[in-house]
Amino acid sequence: WLEAVSAQYPDQTRMLYDYSFASALGYSFSMFAETLRDRKLIGLQVDFICLMLGVVAPMGVVALDTVASHGGAAINPVDYWYIFGNI
C-alpha cells in the first residue's frame, strides 16, 4: 500500500518522516513542560500551551510539506483509501 501511495505521491515518504520527527519533538516538549510544572517552575496554563503546541505543530509541518511538494504529497485520507482500494 505504501508503495502505491509513493508511486502516486513521490514526496509522501518525506512528509511521513517529517511528521514522525515533529511528533516526537512535540511529545518530548510536552513531557519537559510537564516536568517543569511538577517542579513548580511553570504554571498549569503554560503547561497547557506547551501541550497544545506539541499537538498542533506536527500538523503544521505536514501542511507546510504538502504546500512545498506541489502535489507530490497528500494529506487527504480519501486519497489514501482510494489508492488502497485499487491495489
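Tutor: Phe48, Leu51, Met52, Val55 and Val56 together make a nonpolar surface patch of about 460 Å². A patch is built from residues with over 30% relative accessible area and no salt bridge, with nonpolar side chains (Val, Leu, Ile, Met, Phe, Trp, Tyr) joined within 5 Å and like charges within 9 Å. A salt bridge, in turn, is a side-chain nitrogen of Lys or Arg within 4 Å of a carboxyl oxygen of Asp or Glu, and the areas come from the Shrake-Rupley method with a 1.4 Å probe, where only the protein chains shown count as cover for residues.

Please keep in mind that this is a predicted model, in which local features need pLDDT of at least 70 and side-chain atom pairs count only at pLDDT 80 or more, while totals for chains, interfaces and linings use all residues. Residues are numbered from 1 along each chain as its sequence is written, and side-chain values use heavy atoms, leaving out hydrogens and water.

Phenylalanine 48, one of the patch residues, lies in helix α3, which covers residues 44-68. Helices here are DSSP runs of H or I with at least four residues, strands are runs of E with at least two, and both are numbered from the N terminus. By that rule the chain has four helices and zero strands, in the order α-α-α-α.

Leu51 of the patch also leads us to helix α2, where serine 30 lies, since serine 30 touches Asp47 and Leu51 when residues up to four places away in sequence are not counted; a contact means heavy atoms within 4.5 Å. Serine 30 has a relative accessible area of 8% and is therefore buried, a word used for values under 20%, with exposed meaning over 50% and partly exposed the range in between.

Within α2, tyrosine 17 and phenylalanine 21 are about one helical turn apart, because four residues separate them. Two rings of Phe, Tyr or Trp (its six-membered ring) pair if their centres lie within 6.5 Å, and planes under 30 degrees apart are stacked, over 60 edge-to-face and the rest tilted. One aromatic pair is counted by this rule. The ring centres of tyrosine 17 and phenylalanine 21 are 6.4 Å apart with planes at 10°, so this pair is stacked. Tyrosine 17 is exposed, at 56% relative accessible area, whereas phenylalanine 21, at 48%, is partly exposed.

Between α2 and α3, the helix that holds phenylalanine 48, there is a loop with lysine 40 in it. Most residues other than glycine have a negative phi. Lysine 40, however, is a residue other than glycine with a positive phi, near 65°, and with a relative accessible area of 70% lysine 40 is exposed.

For the setting of these details, buried residues make up 24% of the 87 residues in the chain, which exposes about 6,200 Å², with 69% of that area supplied by carbon and sulfur atoms.

Terms used. Buried < 20%, exposed > 50% of the residue type's maximum accessible area, 1.4 Å probe, protein only.
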